[in-house]
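This report describes one protein chain from its atoms.

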Amino acid sequence: MNVTRRNFLAGAGIAATAVLAGCGSSNGSSDGGSASGEKTYKIGVVQLTEHAALDASNEGFVEAVNASGLSVSIDQQNAQNDQSACQTIASKFVGDGVDLIFAIATPAAQAAAGATTEIPIVGTAITDFAASGLVKDNDKPGTNVTGSSDLTPVAEQLEMMQKVLPDVKKVGLLYCSAESNSDIQIKAAKDELDALGLEYTEYAVSSSNEIQSVVESAVGKVDALYAPTDNTIAAGAAQVGQICKENKLPFVTGEEGMCMAGGLFTLSINYKDLGKVAGEMAVKILKGESKPADMAIEHLSTSDLVVVKNDEMAQAIGVDLSALDA
């Protein structure tokens, strides 16, 4: 695996205290080391599922909160990619009277927003807060929700694909139809592929159980697969990658973790840094320095995008990635 930091187009938009049935739980309680007697803030973390990008976001958030000096107790809950579990977890946090909810991924944030309009919610790994109904406007949320966006440089990723794979004529768009964040990115991908003069076919799954059959159905019908930062596909990226390796089908991914698991290459943001941004926002809210309604959605700098190359996959399917070094 080769990761290269590069400045890309400036125009790119870019613990557990209880166990819930069906929900993952891990000890994530932490103490910021504040003076004795100072309030300990309760933070509830609801993470949609386990995969590299979301795990890194969680890690970055906790690091930023711990570095603030605040005394905090963090209740970590993982919904295992179950929307109803997200709702159960969010309702539990409301009942527990937490001071802030940290929601990782769009469905988790939507569940939290549906459970409370009073408790501050900081989200991350969310493509478009406004389009997902979480805020009134990304520049001035106007709700109890704010956070950091992982808006993917879809156009630049597909331009890279055409540069590395000039013989590609038809692209398979792989995503989960249940994720609104993916709908936004797939629309952007279609617009870019139209501009590049390439054909495309959608390959949508409704759950992880359909990944194998859907990907296998694309073999022989498309020249490459592209998946945006879709949580279901990210969690199953190794499975997708294995099928693609066996059939020598290039798999271009939306972020680094997916690429490392089974993709060929990508242009990615750093999800740990994204989580740190969210953590810093949470600290301002807990300290009373800002309110979510007034905090614009944050994005990482385009200068922090990284080119990720999976050399092992490239060798296995016979693709030359040297064009990414130019």
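## Burial and surface

A residue is called buried when its relative accessible area is under 20%, exposed when it is over 50%, and partly exposed in between (1.4 Å probe, protein chains only). On that scale, 55% of the chain's 326 residues are buried. The chain exposes about 12,700 Å², of which carbon and sulfur atoms supply 45%. Accessible areas follow the Shrake-Rupley method with a 1.4 Å probe, and for residues only the protein chains shown count as cover.

The model is predicted: local features require pLDDT of at least 70 and side-chain atom pairs count only at pLDDT 80 or more, while totals for chains, interfaces and linings use all residues. Residues are numbered from 1 along each chain as its sequence is written, and side-chain values use heavy atoms, with hydrogens and water left out.

## Secondary structure and strand β7

The chain contains eleven helices and 14 strands. These are DSSP runs numbered from the N terminus, with helices (H or I) of at least four residues and strands (E) of at least two.

Strand β7 covers residues 145–149, and five of its five residues are buried. Two strands are taken as paired if DSSP finds at least two bridges between them. Strand β6 (residues 121–126) runs parallel to β7 and is joined to it by four bridges; in one of these pairs, V122 is partnered with T146 of β7. Strand β13 (residues 298–299) also pairs with β7 in the parallel sense, over two bridges. There, S148 has E298 of β13 as its bridge partner.

## Cavity and pocket

Both kinds of space are found on a 1 Å grid over the protein atoms alone: a cavity is a set of points where a 1.4 Å probe fits but cannot get out, and a pocket is an open set with protein on both sides within 12 Å along at least five of seven lines; lining residues have an atom within 4 Å of a point. Grid points are joined across faces, edges and corners, and the volume is the space filled by probe spheres set on the points.

The largest cavity has a volume of about 60 Å³. Its lining holds 13 residues, and those closest to its centre are H51, D150, T229, N231 and Y271. Helices α1 (52–67) and α7 (231–235) are the elements that give two or more residues to this lining. By class, the cavity lining has six nonpolar, four polar and three charged residues. Here Ala, Val, Leu, Ile, Met, Phe, Trp, Tyr, Cys and Pro count as nonpolar, Asp, Glu, Lys and Arg as charged, and the others, Gly among them, as polar.

The largest pocket has a volume of about 170 Å³. Residues that line this pocket include L48, N81, D82, Q83, P107 and C176, along with S206, S207 and S208. The pocket lining divides into four nonpolar, six polar and two charged residues.

## Cysteines and positive phi

The structure has zero disulfides, a disulfide being a pair of cysteine sulfur atoms within 2.5 Å. C86 counts as buried because its relative accessibility is 0%. C244 is buried as well, at 1%.

Q80 lies in the loop between β4 (71–78) and α2 (83–96). Although Q80 is not glycine, its phi is positive, near 55°. With a relative accessible area of 38%, Q80 is partly exposed. K248, in the loop between α8 (237–246) and β11 (251–253), is another non-glycine residue with a positive phi, about 50°. K248 counts as exposed because its relative accessible area is 53%.
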